[in-house]
Amino acid sequence: MDLHLHGLDDHFSMPETGKVSALRPFYWLKMGWADFTRHPLPSLCYGVITALLGFAVLKIASSYTYLSSTAITGFLLLAPLGASGIYELTHEREEGRETSFMQSLRDVVHNLGQIAFMGVILGFIAMSWERISAILFALFYGGEAVGMQFFTHALTSEYIGFTIAWSLAGLVLACVVFAISAVSIPMLAHRDVDTITALVTSVRVVAENIPAMLVWATIIVVLTAVGFATYLVGLVIIFPLLGHATWCAYRDLVH
């Protein structure tokens, strides 16, 4: 029995993880920018595609208030998957291989099945969030049409109850998504591991580095907000920058 369990431990061994200081995310951002400048054109390709997709999603959902709010958060949930190619750019450079947009797409294929499974998980969470938002709107407003004025009066007495409930539900989901995706997607792009191993490793990394992860999450939220405030134009640079920085975080935290 002991030998059998030992064999299981060897088969399901987890990678080693490290601990960093609370200010380490600023180093990741600095190194991410350095990586971005080493291959700016392919990085910008990912930024342009992401911005265009984000604009299309918001345009489609603009007629429906609850869809507009969930479209933004759903977009943020799934966007990290689009950074898989960005992780490959840095991986290619580290190994001295050719770096290009098309080459990064080809390299993503090597573990595409597990990355796609991660996409299914994030997609399920995004759909669950859409349903939660729809239910909250129905509970608070009984199916009454709520116009875009909600976004400018969210803190007024008319909307404050919904705003609190919606924000708390979104915060819980955001924490879950951040925990399972902090380093899991670059890990899947880099190593031949399964999705569950990557998810567990990501959760462990976050749990062991809560101060640094709080700072990192704040940086991501602030920069993403800047991207949306510039009508997604800022995401052309911000998205690949965060992608490269996330790769640096992964390499720093998973050994």
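Axes here are lines fitted to C-alpha atoms, for helices over the stretch in contact, and angles run from 0 to 180 degrees between N-to-C directions. Helices themselves are DSSP runs (H or I, at least four residues; strands are E, at least two), numbered from the N terminus. The model is a predicted one, so local features need pLDDT of at least 70 and side-chain atom pairs count only at pLDDT 80 or more, while totals for chains, interfaces and linings use all residues. Residues are numbered from 1 along each chain as its sequence is written, and side-chain values use heavy atoms, with hydrogens and water left out.

Now for the helix pairs. Two packed helices are described by the angle between their axes and the distance between the axes. For α8 and α10 (residues 195-208), the angle is about 110° and the axes are 6 Å apart. These two are therefore roughly perpendicular to each other (65 to 115 degrees; under 35 is roughly parallel, over 145 roughly antiparallel and the rest oblique). In contact terms (heavy atoms within 4.5 Å), F178, A179, I180 and S181 of α8 meet L199, S202, V203 and V206 of α10. That contact has six nonpolar, two polar and no charged residues. Here Ala, Val, Leu, Ile, Met, Phe, Trp, Tyr, Cys and Pro count as nonpolar, Asp, Glu, Lys and Arg as charged, and the others, Gly among them, as polar.

Helices α5 (residues 84-94) and α6 (residues 101-108) cross at roughly 105°, and their axes come within 8 Å. That makes α5 roughly perpendicular to α6. On the α5 side, S84, G85, E88, L89 and E92 meet Q103, S104, D107 and V108 of α6. Sorted by class, this contact holds two nonpolar, four polar and three charged residues.

Next comes the largest pocket, with about 1,400 Å³ of space. A pocket is an open set of points on a 1 Å grid over the protein atoms alone where a 1.4 Å probe fits, with protein on both sides within 12 Å along at least five of seven lines; lining residues have an atom within 4 Å of a point. Of the 45 residues lining the largest pocket, L76, A174, I220, V221 and T224 are the closest to its centre. Helix α8 gives the most to this lining, with twelve residues. The lining comprises 34 nonpolar, eleven polar and no charged residues.

As for records, an unreviewed UniProt entry lists "transmembrane region" for several stretches, including residues 40-58 and 108-126. In the model, residues 40-58 are 100% helix, with end C-alpha atoms 27 Å apart.

Notes. Points joined across faces, edges and corners; volume = space filled by probe spheres on them. UniProt positions renumbered as here; feature names shortened; annotations may be inferred.
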